[in-house]
Every structure is written in C-alpha cells, then in structure tokens.
Amino acid sequence: MSLIKPAENWKHQFALLMTIGFLCTGIAFSAASAASRGPQKGQKKSRSGSVNVEALQKKAFACYLQRNYVEATKLFKECFTRDPEDVSVNYYLGASALFSSDLKAAEHALCRVIVMTTPDSEFSSLAMKSLKQWRSQFHGIEPYSQIENGQLKRWDKGKGPIKVWVSNGLQLPRGFVGPELDSNKCKTLYSMFENPNFFKQLQTVVHYVPQYRDIVKSGINDWGWVAAEGIISFEFVDDPTKADVLYFWCPESGAGSVGRTFYPWTRTDNARCIVHIETEYLRKWGSRTPAELRKTSAHEFGHVLGLTQHSTNINDVMSGQGKTVTYREMTSYSASSAVTKNDYATLRALYELPPDYLYQPLNR
Ligand SMILES: [Zn+2]
C-alpha cells in the first residue's frame, strides 16, 4: 500500500516542483547548499571535487523527476556519502526516501536538512513540512537548527569518550567567577588546569549542598543513550587534569541564567569545555531544586555535546527558556522536561553531518 495519499502526494509534489523550478533556473544543488550554511562558506563544491559527483547528482535528480524514487534514493544516498554537506542532496534524499517508503532514511535526511540550515531557509521549511505532513510516521519529531553564524560545531566522535569532571562545589579563583569569566579568560584557565595543585587551592561556593554534584551527574546521564546509539560517548573522571569538560559553581552567573557553557577554543592547546552552575538560583528554588537542577544540568550538557542553538519548543530540554530565565519566569522554565525526541533527533543529525569546527578530546 502506498504511504502517500494521492491528494497529499499532489500537494507535496507541487511544493517540490516549485523548488525544482527554482533549482533548474540556474541555481544548482551546491549553490543552494551554500546559501543555507552562510555566505562565508562561499560556493560549495562537492567534497571530492570530482565531475563524477556532479554527474551522480544529475542522474539521481533525473530519477527523482521521473518518479523513480527507489533508484533516486539509492543514488542520493551515494551522493550523501560523497558530499554530506550538500543540503539539496540531503533534502532530495529525504523526499525520495519518503516517496519510496524508506522512512528511516527519510527521517534521518529531513532532520539533517533542518539542523544544517537556518529556520527561514526554503529547504528547512520544506523538510519541516514533510515531517509534519507525515507526523504519525515520523512520531511527531520536530528537530531544530544548529546553525550558528553559518557553522556547525561538535566533538570528534572518533577520538574516544569525552571525559567529564564535576567539582564538588568548587568555584574558580577571583577574576574567573560567574560574570567575571568570559571566553577569552577560558584560554588562561587551560594552562592552569594542567597543574593538579591548582584544583587543591579552590574554594567551595556559598550555598553549596553536597548532594548537588550527584544531581548534576543525573542530568548529564539523561543523555546516557547517546553512546548506545553510537552518536558519541562520555564518562565521568575523578582527575580534573584529564577532563575535557569541567563543571564549576558560582554564586551568580550574572547572565540571568542558571548555567553557562563555554566551548573549547578550537586550535588552542589543551582546550577544555567549562560549565558554570549558579548556586543562588538553587537556594531560591527550595524544594524544587533537585528537579530544576537536574534539568539545568541536562540542558547545559546538551550545549556541551554541541547543541549550540536552542529549541523554540518549551517541552524540549534545549528550550530557549533556559537561556534567559529570571526568577519571575521560573514557572515556564519548570514546564520544560528532560531530553525529548526532538533533542534526540537534532543531536543525531548533528553527528551525521561534517562540522565546521571539531572539538578534540584531550585523550589522556
Ligand atoms: Zn542554553
């Protein structure tokens, strides 16, 4: 039985043909892709740079136009292997796979389109429309863009687990606490972290309760499935000099947020990811603190894993509500849940795509 009803099929085909018309008037696959990943990327070439890739794309597209979706899916899958950064390849792979009832391939490809483009791009709108139109087949997933200044960033998953160290209430030295810490100062800290004695001199933050550390670890473990799914793995370490990700505490972040994540400076020696959790909020939350702290921790670890952009869906753990939370907005923030299928689909797509920046674990 056909998955697509005739009326829906026609409607969808029309939307696709509108895009095809757009592409056929001189805007090739790769140019459309470049527009989605930011102007600084320039005109995208096929990754291999060979004429064969272009010929393959043309062949795949011809099959698509002939409605030979099974063959088009097969060819677009090959195009994706050779040039995964091309958004048009991802989109037409998703559409071909959908029309040939290869739902798994369709879901992966359409999610990648949304993650690798800005929400206002044409391909993003079409991909989201497909996911919504076949909502029950795709379990209602709504991934969100991870494009920041035209770029994608994530960890190098081939370099072993990310090592995470959660301090037991320690705060960084004066000049680096809460709002005093900025991205540039993180560079200074990287060399300080090389000395084991540095950590012995640190003081415990005010309002700290020893249980906080285990709660933060629970929030991090809410992402535990990423290893089982083969996306990326992480593990806790007791030695901070070996950690890729270090959690510290501060009285106030000064940014109106409970947590804050500083990404490792790329192309910098011994770069680490630093996370701040603010205890002032925890104290004011009272009995709600364990649940809220766990969500905060899960949210920040989503950032750590590479989800730089927030979801507009309040139910997602990466909901933007977490970014600008104030004491008055806490009710809406509390409505956000743990990691959702949207967070999952977004992270999975991010790790299926080649990033512009790759964070390297220290591997110690
Ligand atoms: Zn955030």
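Predicted model: local features only at pLDDT ≥ 70, side-chain atom pairs only at ≥ 80, totals over all residues.

Student: Which residues of α10 are the buried ones?

Tutor: They are Y212, I215, V216, G219 and I220. As a general idea, an α-helix has 3.6 residues a turn, so residues three or four places apart point the same way. In this case, when you look down the axis of α10, its buried residues fall within an arc of 145 degrees, so they line one face of the helix.

Student: How should I describe the packing of two helices, such as α10 and α13?

Tutor: In general, two packed helices are described by the angle between their axes and the distance between the axes. Here the axes of α10 (residues 212-221) and α13 (residues 289-305) come within 7 Å and cross at roughly 50 degrees. That angle makes α10 oblique to α13, and α10 passes α13 in a right-handed crossing.

Student: Which residues meet where α10 and α13 are in contact?

Tutor: From α10 there are Y212, I215, V216, S218, G219 and I220, and they meet P290, L293, R294, K295, T296, S297, A298 and F301 in α13.

Student: May I see another pair, and at what angle do α4 and α5 pack?

Tutor: Helix α4 (residues 69-82) and helix α5 (residues 87-99) pack at an angle of about 150 degrees, and their axes are 8 Å apart. Angles over 145 degrees count as roughly antiparallel, and α4 and α5 are therefore roughly antiparallel to each other. The crossing in which α4 passes α5 is left-handed.

Student: What kinds of residues make up the contact of α4 with α5?

Tutor: On the α4 side you find Y69, A72, T73, F76, K77, C79 and F80, which meet V89, N90, Y92, L93, S96, A97 and F99 in α5. The residues of this contact divide into ten nonpolar, three polar and one charged.

Student: How many helices and strands are there in the chain?

Tutor: The chain has 15 helices and nine strands, and buried residues make up 43% of its 364 residues. Among contacts between residues at least 6 apart in sequence, 72% join residues at least 24 apart.

How values were computed
Residues numbered from 1 in each chain as written. Axes fitted to C-alpha atoms, helices over the stretch in contact; angles between N-to-C directions. Helix = DSSP H or I, 4+ residues; strand = E, 2+ residues; numbered from the N terminus. Parallel < 35°, antiparallel > 145°, perpendicular 65-115°, else oblique. Left-handed = near helix turned anticlockwise from the far one by under 90°. Contact = placed C-beta atoms within 7 Å. Buried ≥ 20, exposed ≤ 12 C-beta atoms within 10 Å, placed from the backbone. Arc of directions from axis to C-beta. Nonpolar A, V, L, I, M, F, W, Y, C, P; charged D, E, K, R; others polar.
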